Amino acid sequence: MPMSYALVSKRPALLHRLTGLTNPEFERLLDKFSSHYSIMILRPRITASDRKRKPGAGQKGALPEIADKLLFILSYVRIYPLLIIQGVLFGMAESKACKWTGILLPVLDMALESAHVRPKRARGRSLEEVIAEFPELVELGILTDGVERPVRRPKNKDDQKDQYSGKKKRHTKKNVTITHPKSQYILAVSEEHPGRDHDKKIIDQEELRCHSPIPIGVDSGFVGLTIGLAKVRLPVKRKRKQQGEPKDVLTDEQKTYNHALASARVAVEHSNAGFKRNRSVQDILRNTREGMSDQLMMVATGLHNLRVTMRSSYQS
């Protein structure tokens, strides 16, 4: 029997394993998803000048209810199965599963934006604008980190060179995230970059501004970073010595500072792990459609923020 929300909703543990969401989280997203599906998909079809049938006529689809459509796309981005497996789960052919994925992913993306949980784009913004909804961050500061996800080895030699990450020793795509240090809420995400690009280079290209001394906790991948008046907190590293010279030793104060910074930066690592529960940004990317990689990333971070806003465990 094909999966449907009517069946899965009666088993909350199964719904959570399939979508990463609880029943209340699913229901909150469903209203926005339904609204945008009507605007983006149904309305253009109904108002098409060459339409010949009345609304509701014709063959009935494999996903008759709007909740089934949301379950379909959420389970796809969560477990990231082969499309033939996705089709088997929902009682349709592989080609139909591919078609529905292309239709529903942009709708889910817009639904998350409408629910005010999809992160903002960092490019060209000021940090004051990014943290506008969280005034406490003027004192607490923010965290930033680079996130890589694997892709298939490109056939083009230039693309192979651009997308090869020396850190991961494989071909990747990369974003930089800006995160709340307490709740793990992702405030902003950079544009997608090839894996070769350095974390600092990505932030520089985002052209961020800052007009107040907001603390920013970063790792050693952002050495030399400056963003307006922001206070960039970098870990203290031992200076390199030539062969044969004695190694530098960090002082107790420097070790204490590094420990405090590392403890604060745990939040951004947990945030990265939170959105990577979506296998679509954890496994090797199989989708070749232009822009789909970046869209999967934005959906994954939006779903993470939805969980953050609705679960008390993130607010403690």
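1. Basis. Because the model is predicted, local features need pLDDT of at least 70 and side-chain atom pairs count only at pLDDT 80 or more, while totals for chains, interfaces and linings use all residues. Residues are numbered from 1 along each chain as its sequence is written, and side-chain values use heavy atoms, with hydrogens and water left out.

2. Terms for the helices. Helices are DSSP runs (H or I, at least four residues), and strands are DSSP runs too (E, at least two), numbered from the N terminus. Two packed helices are described by the angle between their axes and the distance between the axes. Axes are lines fitted to C-alpha atoms, for helices over the stretch in contact, and angles run from 0 to 180 degrees between N-to-C directions. Angles under 35 degrees count as roughly parallel, over 145 as roughly antiparallel, 65 to 115 as roughly perpendicular and the rest as oblique. A crossing is left-handed if the near helix is turned anticlockwise from the far one by less than a right angle, and right-handed if clockwise.

3. α3 on α12. Helix α3 (residues 23–46) packs on helix α12 (residues 292–310) at about 120°, and their axes are 11 Å apart. This makes α3 oblique to α12. The two cross in a right-handed sense. In contact (heavy atoms within 4.5 Å) are Pro24, Glu25, Arg28 and Leu29 of α3 with Leu303, Leu306, Arg307, Thr309 and Met310 of α12. By class, this contact of α3 with α12 holds 5 nonpolar, 1 polar and 3 charged residues. The classes are nonpolar (Ala, Val, Leu, Ile, Met, Phe, Trp, Tyr, Cys and Pro), charged (Asp, Glu, Lys and Arg) and polar (the others, Gly among them).

4. α11 on α12. Between helix α11 (residues 252–275) and α12 the angle is about 110°, with 8 Å between the axes. The pair is therefore roughly perpendicular. The crossing of α11 and α12 is right-handed. Ser271, Gly274 and Phe275 of α11 touch Met297, Ala300, Thr301, His304 and Arg307 of α12. That contact of α11 with α12 has 3 nonpolar, 4 polar and 1 charged residues.

5. α6 on α12. Here the angle is about 45° and the axes of α6 and α12 are 10 Å apart. That makes α6 oblique to α12. The crossing of α6 and α12 is left-handed. On the α6 side the contact includes Thr101, Leu105 and Asp109, and on the α12 side it includes Met292, Gln295 and Leu303. The contact of α6 with α12 divides into 9 nonpolar, 3 polar and 1 charged residues.

6. Largest pocket. Pockets and cavities are found on a 1 Å grid over the protein atoms alone: a cavity is a set of points where a 1.4 Å probe fits but cannot get out, a pocket is an open set with protein on both sides within 12 Å along at least five of seven lines, and lining residues have an atom within 4 Å of a point. Grid points are joined across faces, edges and corners, and a volume is the space filled by probe spheres set on the points. The largest pocket has a volume of about 820 Å³. Of its 22 lining residues, Arg45, Gln59, Lys60, Gly61 and Trp100 lie nearest its centre. α3 and α6 (94–114) are the elements that give two or more residues to this lining. The lining of the largest pocket has 11 nonpolar, 4 polar and 7 charged residues.

7. Second largest pocket. This pocket holds about 380 Å³ of space. It is lined by 17 residues, with Gln163, Lys173, Leu285, Asn287 and Thr288 closest to its centre. α12 gives the most to the lining of the second largest pocket, with 3 residues. By class, that lining has 4 nonpolar, 5 polar and 8 charged residues.

8. Cavity. The whole structure has 1 cavity of 30 Å³ or more. The largest cavity has a volume of about 40 Å³. Its lining consists of Ile142, Thr144, Ile178, Ile203, Leu208, Ile216, Leu225 and Ile227. The lining of the largest cavity counts 7 nonpolar, 1 polar and no charged residues.
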